[in-house]
Amino acid sequence: MIRSGSLLRGFSRAAAPKCRETRCFSVEAASHTSNKTQVYISRSHDPLLNLSVEHRLLQNTPPESTILILYVNSPCVVFGRNQNPWLELNLRRLAQIAHQPGEIGWVDSAVKLVRRRSGGGTVFHDHGNVNFSVICPPQAFDRDKHAEMVVRALKSLGRPRTSVNKRHDIVIDVDSSGAQETSTFKISGSAYKLTRLRSLHHGTCLLRSPNLSNISGMLRSPAEPFIKARGVDSVRSPVRNVDLDNDVFKEAVVREFGKMYGSFDIQTEFGAGALEDQKIASGYDELKSRDWIYGQTPRFSFATHAFDEDPRPRPKLSFDHKLHLEARQGIIEKFHIQGQQNIDTERLVRPLLHDIHDWESHLSEAGLSGADAAKIGPWMNHVLGTAFTQISSPATF
């Protein structure tokens, strides 16, 4: 293979295993049975591209090979394959960031909404964190194995108090100033995808994210008290940056990967040119589609009153109507407002939830009185985030 220049600025050839490198990304080379150990560094900040390349490598690399992928995404909220965006995210907040960033103190670019193909909870990515992904044979898979690899990289960079906890998250212990106490912060979560021939573990390490103070506002849905859902709930944890340069962190992870698996058969970069591969392009188009972002949502119920088996108190509302809807894969299957007999339920149950742009007009057209629609509609717009879901393709910001 052709030997090319250093992948990362300041990359020390002496510090890494001897490797054979390709000059450019090639699915054909990645799938060749002789290439047992492969390393890929993304030049792109597009989360859809990075996840699509990752998925292609999961599908096509040799069954006995081990792959490392490192990438940095532009600001985005990435939620799990089986999660509910109306439950996990404050969609109205994402719309505010897109349209009125200065008014809410947001200085970064607009936030993309991305549903990944793996499980796990909801996470925030920006230019201040690095995503690591390891693909390996199922028999070699262990939920802590490669998280421990990242911990060793962090310790080599002067972060000795990092570790992997029982939830398979990477955490750091920090002494509280002025007190004899130690606090533990999450610096990286993990998500997984297991197939018959391959296994995938990926995570996000917080290094110098400028947006930590905004994360909780994005990941707290105003609809949460009203939703009962199937799928995976996110577990919230206090987070913290570890204050490291992205490239320095990448180099350390590559070194530790080399210590585990020896010399690299492929070590290269990829960028937008990867979309020349038809299957990567197809995967990219799927990830940005509304059918994928919203339509993959498992069945859930939304009700203004408490569910019988879940007597948690609901926030006090400005209207007395009890309403209940059920949706599956984004399609509204049931909708009922107590005491309203003249509503056209056919009109209410046919639409896709994410295609309703204004609930006030939608309820009025279904027969609800103007006064009642004016009370209920704006509230539903707020909690269900129609200011964001009405955008033709949120993933294209």
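Predicted model: local features only at pLDDT ≥ 70, side-chain atom pairs only at ≥ 80, totals over all residues.
Reader: Let us start with Asp-126. Where does Asp-126 lie?

Author: Asp-126 lies in the loop that runs between β5 (123-125) and β6 (129-136).

Reader: Which side chain of opposite charge is nearest to Asp-126, and how far away is it?

Author: That side chain belongs to Arg-208, 11 Å away. Asp-126 is buried and yet has no salt bridge.

Reader: What does the side chain of Asp-126 reach, then?

Author: It reaches the backbone nitrogen of Gly-128, at 2.8 Å.

Reader: And which residues is Asp-126 in contact with, leaving aside neighbours within four places in sequence?

Author: Asp-126 is in contact with Val-72, Asn-73, Ser-74 and Pro-75, with Asp-108, and with Ser-209, Pro-210 and Asn-211.

Reader: Changing topic: in which sense do β10 and β11 pair?

Author: The pairing of β10 (residues 190-194) with β11 (residues 199-206) is antiparallel and extends over 5 bridges. Together the two strands form a hairpin, with 4 residues between them.

Reader: Which residue in β11 does Ser-190 stand opposite?

Author: Ser-190 stands opposite Gly-203.

Reader: Now the backbone angles. What is the phi of Asp-243?

Author: Asp-243 has a positive phi of about 55°, although it is not a glycine. Most residues other than glycine have a negative phi.

Reader: Where is Asp-243, and is it buried or partly exposed?

Author: Asp-243 is in the loop between β12 and α7 (246-261). Its relative accessible area is 45%, so Asp-243 counts as partly exposed.

Reader: What about the phi of Gln-329?

Author: Gln-329 is not a glycine either, and its phi is positive, at about 55°. Gln-329 is found in the loop that connects β15 (323-328) and β16 (331-337).

Reader: Why does Gln-329 count as partly exposed?

Author: Because its relative accessible area is 39%, and partly exposed covers the range between under 20% for buried and over 50% for exposed.

Reader: One last residue. Where is Pro-225 found?

Author: Pro-225 is found in the loop between α6 (212-218) and β12 (227-229). Pro-225 counts as partly exposed because its relative accessibility is 24%.

Reader: How far apart are Pro-225 and Arg-314, in sequence and in space?

Author: In sequence, 89 residues separate Pro-225 from Arg-314, while in space the two are 6.1 Å apart, C-alpha to C-alpha.

Definitions and conventions
Residues numbered from 1 in each chain as written. Heavy atoms only, no water. Buried < 20%, exposed > 50% of the residue type's maximum accessible area, 1.4 Å probe, protein only. Pairing = 2+ DSSP bridges. Lys, Arg positive; Asp, Glu negative; His and termini not counted. Salt bridge = Lys/Arg side-chain N within 4 Å of Asp/Glu carboxyl O. Polar contact = N/O pair within 3.5 Å; in protein donor to acceptor, adjacent residues only side chain to side chain. Contact = heavy atoms within 4.5 Å.
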